[in-house]
Amino acid sequence: MRIDVTDLSVEVAGNRLVHDITLRAGSGRVVGLVGPNGSGKSTLLRCVYRALRPAAGTVRLDDADLHAMDARTGARLLAALPQEASTEFDFTVTEVVAMGRLPHQRGSGRASAADRERCTRALARVGAGHLAGRGFLSLSGGEKQRVLIARALAQDPRVLVLDEPTNHLDIAQQLAVLALVRDSGLTVLTALHDLNLAALHCDELYVIDRGRIVAAGPPYDVLTPELLAEVFGVRAHRVRHPESGAVQLLFDRLPAPAADS
Ligand SMILES: Nc1ncnc2c1ncn2[C@@H]1O[C@H](COP(=O)(O)OP(=O)(O)OP(=O)(O)O)[C@@H](O)[C@H]1O
């Protein structure tokens with residue numbers, strides 16, 4: 001299933017934070033959204049997963065307008081990992097993951113054996129099966145993140161929208177989660193801070209700066225030293241991974257501008 005964002009603008013409290021964004025994640029593609037702090041990544045993604053309504057423009061899944069769908073239909077197609085997921089109550093891990101099944105349940109809303117099986121499998125896929133009986137609030141940041149990814153997988157969506165899925169994860173878990181996301185075969189739109197992880201795991205990248213898309217394409221074409229200086233204010237040197245050949249970046253601070261004499 002394809003995600004098409006067309007001419008999307010988003011306003012929060014009367015401020016336009018995201019301007020005229022058009023992007024596409026083709027079916028089964030992993031598309032990364034990168035940009036400096038405060039550039040609008042979360043605001044854009046929140047509108048894609050319907051926590052915000054667009055001020056203008058559309059988000060479509062194949063040809064269906066996501067913001068015109070009822071909540072249950074939308075939740076069967078799209079699962080999200082928000083950046084700051086708050087669970088106010090101390091649910092168990094099993095209960096949190098089971099929330100992912102709600103869009104599929106009718107009537108009593110009771111989980112079936114098949115629902116429970118899906119939840120167990122989703123937890124196992126993120127290596128968190130041993131946490132099933134724990135209280136969610138007692139988990140470490142990385143453990144919480146994995147449980148929330150399991151909830152999104154248990155939702156059995158066609159499309160995943162992820163805001164910083166590697167937050168709080170150690171390096172082994174970062175690589176494991178991104179490999180899992182890739183291997184899911186789902187269409188993925190994900191914000192990532194780590195440009196090297198983005199280069200390794202994404203088919204295409206969109207770069208957002210001050211609420212506007214400023215570059216798009218395959219990682220090697222997008223992550224140029226010129227763009228990284230311009231948008232992120234860093235000096236970057238590109239190398240090839242010695243085994244995979246993937247582009248990787250080495251960073252330095254840009255030299256300070258010469259003082260006026
Ligand atoms: N409710 C709000 N009212 C006013 N400004 C807001 C509000 N929410 C977000 N902003 C501002 O909008 C801009 C974009 O925020 P957003 O969270 O989308 O950026 P981001 O790219 O996800 O940042 P980060 O990488 O730091 O997570 C920021 O300058 C932020 O301060």
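## Close-up views of a predicted model

**View 1. A hairpin joins S4 and S5.** In the hairpin of S4 and S5, two residues lie between the strands, and Asp 62 takes a positive phi near 50°. Strands here are DSSP runs of E with at least two residues, helices are runs of H or I with at least four residues, and both are numbered from the N terminus. S4 and strand S5 (residues 64-65) pair in the antiparallel sense over two bridges; two strands count as paired if DSSP finds at least two bridges between them. Within this pair, Leu 61 stands opposite Ala 64 in S5. Strand S4 (residues 56-61) also runs antiparallel to strand S1 (residues 3-12), joined by five bridges, and here Val 5 stands opposite Val 59 in S4.

Before we move on, a word about the model and its numbering. This is a predicted model, in which local features need pLDDT of at least 70 and side-chain atom pairs count only at pLDDT 80 or more, while totals for chains, interfaces and linings use all residues. Residues are numbered from 1 along each chain as its sequence is written.

View 2. Strand S7 (residues 159-163) and strand S8 (residues 187-191) run parallel and are joined by five bridges; the bridge partner of Leu 162 in S8 is Thr 190.

**View 3. Which residues surround the ligand?** They are Val 12, Ala 13, Asn 15, Leu 17, Gly 35, Asn 37, Gly 38, Ser 39, Gly 40, Lys 41, Ser 42 and Thr 43, where a residue counts if its C-beta atom, placed from the backbone, lies within 6 Å of the molecule. The elements giving two or more residues to this shell are strand S2 (15-25) and H1, and H1 gives the most, with three. The shell holds three nonpolar, eight polar and one charged residue.

**View 4. Helix H1 is mostly covered.** Just after H1, Arg 50 takes a positive phi of about 75°.

**View 5. Val 97 sits in the largest nonpolar core.** Of the 71 residues in this core, Val 97, Ala 150 and Val 161 touch the most other members. Such a core is a set of buried Ala, Val, Leu, Ile, Met, Phe, Trp, Tyr and Cys residues joined through C-beta atoms within 7 Å. H5 supplies the largest share, seven residues.

**View 6. Thr 73 lies in helix H2 (residues 71-77).** Why is Thr 73 classed as partly exposed? Because 14 other C-beta atoms lie within 10 Å of Thr 73.

Methods: Buried ≥ 20, exposed ≤ 12 C-beta atoms within 10 Å, placed from the backbone. Nonpolar A, V, L, I, M, F, W, Y, C, P; charged D, E, K, R; others polar.
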